[in-house]
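Below is a short walk through one model, moving from a helix pair to a domain pair and then to a chain pair.

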Amino acid sequence: MTSLFEEVPRAEDDAVPVRTVSVTVNGERRTVKVEPRLLLAHMIRHGLKLTGTHTGCDTSNCGACTVLLDGRPVKSCTMLAVQADGHEVTTVEGLAGQSELHPVQEGFKDEHGLQCGFCTPGMMLTAKALLDENPDPTEDEVRWALSGNLCRCTGYQNIVKSVLWAAKKQRAAAGETGAGE
Amino acid sequence: MYPSRFGYESPRALDEAIELLSRGQGEAKILAGGQSLIPMLKLRFASPEMLVDINNLPGLSHLTVDPDGSLRVGALCRHAQLERAAALAGPFPTIAAAAPLVADPIVRNRGTLVGSICHADPQGDWAAVAIALGASVVAQGPSGRRRIPVADFVSGPFQNVLAYDEVAVEVVFPAAAGTAAGGYLKLERRVGDFATAGVAVGLERSGAVVTRAGMALTGVGGATIDASEAAQALVGGELTADRIARAADGAAAAAKPRGDHRGSAAYKRHIVHTFVTRILTRVADDVERAA
């Protein structure tokens with residue numbers, strides 16, 4: 001001992017377990033090292049700095065943190081980052097193209113589908129997944145699909161209108177290009 | 001909120017998963033859909049040393065009807081798969097009625113029926129459905145497979161009879177002899193809230209005569225309540241108003257609700273009575289229309 005104080009190195013069994021995971025986020029393959037207890041929402045927000053994904057309740061109730069996992073909505077606060085290994089994640093940042101907004105984003109703008117905007121990323125991703133599967137939903141089907149996403153401002157009226165607007169716009173665009181025939 | 005620290009393995013074969021659970025000596029926990037476990041980890045109600053993630057195991061996502069008509073639901077079959085399976089409405093009307101009522105649409109994309117039954121939350125929908133239909137859990141451990149009726153599988157609130165080195169690989173719902181009938185109703189304050197009360201009824205009928213009846217109750221006791229004894233009032237005859245009333249009275253008496261912010265005990269008992277009556281009246285109407 002050369003001094004009056006020396007820190008003892010950390011014991012091996014105290015070591016933090018770390019896993020390397022590869023996730024395709026908004027079309028780009030990202031390889032990260034994470035501790036297994038890291039939640040997907042925190043990896044996206046704090047690790048990848050994609051802060052469009054909001055964490056609202058953090059208890060799996062509100063749906064604000066919704067992202068698409070292989071195209072299907074999931075609550076990113078209720079999934080471990082390690083579980084996304086090998087999967088595709090789409091966040092709100094992945095909705096718009098290079099120069100144009102996604103029809104769902106346009107719909108929310110046009111029909112005033114937001115007030116404070118906190119729930120909006122989750123709402124839009126759930127709406128996108130709905131329209132990918134059902135391009136011509138009824139109002140009831142829209143309300144049903146969005147029933148896991150809570151909004152405390154709008155009373156949902158304009159959110160539902162926004163999604164129906166986007167559906168119409170997408171169908172019109174598909175008709176123009178002859179797609180979907 | 002962060003869970004406390006845990007080890008994590010994602011085996012690619014069932015044997016490997018069982019081996020990890022054996023080595024865990026009860027300190028390892030299976031992670032499937034995670035829609036109950038992960039919130040519990042975050043609240044630190046659960047702090048296992050090791051999570052064995054079974055999401056990468058092959059051959060567990062099935063939702064299959066066997067040649068004998070029984071339905072096998074694999075450990076990785078998500079609620080959404082059941083919700084979308086339109087073909088279930090005929091042979092398994094109770095399952096078809098319950099699937100869209102589980103949690104909320106986002107949770108249904110991830111959560112599993114088998115996981116819900118293993119979690120054994122008294123508020124869980126699937127345990128009630130499984131008990132009403134006489135379903136069994138198929139568990140695999142180091143020494144092979146065994147079948148456990150769900151009524152015996154759930155041993156208390158958040159408790160099941162699995163050994164620590166067993167994996168619930170599937171739940172099997174037997175085929176109805178004759179025509180299947182029944183339903184599931186649940187009262188919740190908003191989508192995704194825990195049930196104020198729920199009722200599952202599974203019937204088999206030959207013409208208008210009920211030949212088998214099962215019933216179970218969600219959220220009105222310390223565990224899922226098997227009310228099949230009350231349902232025996234229905235067996236051996238047609239669904240008359242008198243038989244329906246006796247079954248509803250019996251179910252309300254079997255419920256052991258506690259008053260809380262979702263309603264008083266008397267109110268919950270009343271809901272059980274109303275739901276049993278509604279499900280059975282609807283079945284009686286269908287039978288009459290079909291005749």
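Axes here are lines fitted to C-alpha atoms, for helices over the stretch in contact, and angles run from 0 to 180 degrees between N-to-C directions. Helices (H or I, at least four residues) and strands (E, at least two) are DSSP runs numbered from the N terminus. The model is predicted, with local features needing pLDDT of at least 70 and side-chain atom pairs pLDDT 80 or more, while totals for chains, interfaces and linings use all residues. Residues are numbered from 1 along each chain as its sequence is written, and chains are lettered from A and ligands numbered from 1 in the order in which they are written.

In chain B, the axes of helix α10 (residues 241–254) and helix α11 (residues 265–290) come within 8 Å and cross at roughly 150 degrees. α10(B) is therefore roughly antiparallel to α11(B), a term for angles over 145 degrees. Residues in this contact (C-beta atoms, placed from the backbone, within 7 Å) include B:Ile244 and B:Ala248 of α10(B) and B:Val272 and B:Leu280 of α11(B).

Chain A is divided into domain 1 (16–94) and domain 2 (103–176), with bounds from an automatic or database domain assignment. Their centres, taken over C-alpha atoms, are separated by 22 Å. Across the boundary, 16 residues of domain 1 of chain A are in contact with 12 residues of domain 2 of chain A. On the domain 1 side, β3(A) gives the largest share, 3 residues.

Between the chains, 22 residues of chain A are in contact with 22 residues of chain B. Strand β4 (residues 72–75) of chain A supplies the largest share of the chain A side, 4 residues.

Methods
Contact = placed C-beta atoms within 7 Å. Parallel < 35°, antiparallel > 145°, perpendicular 65-115°, else oblique.
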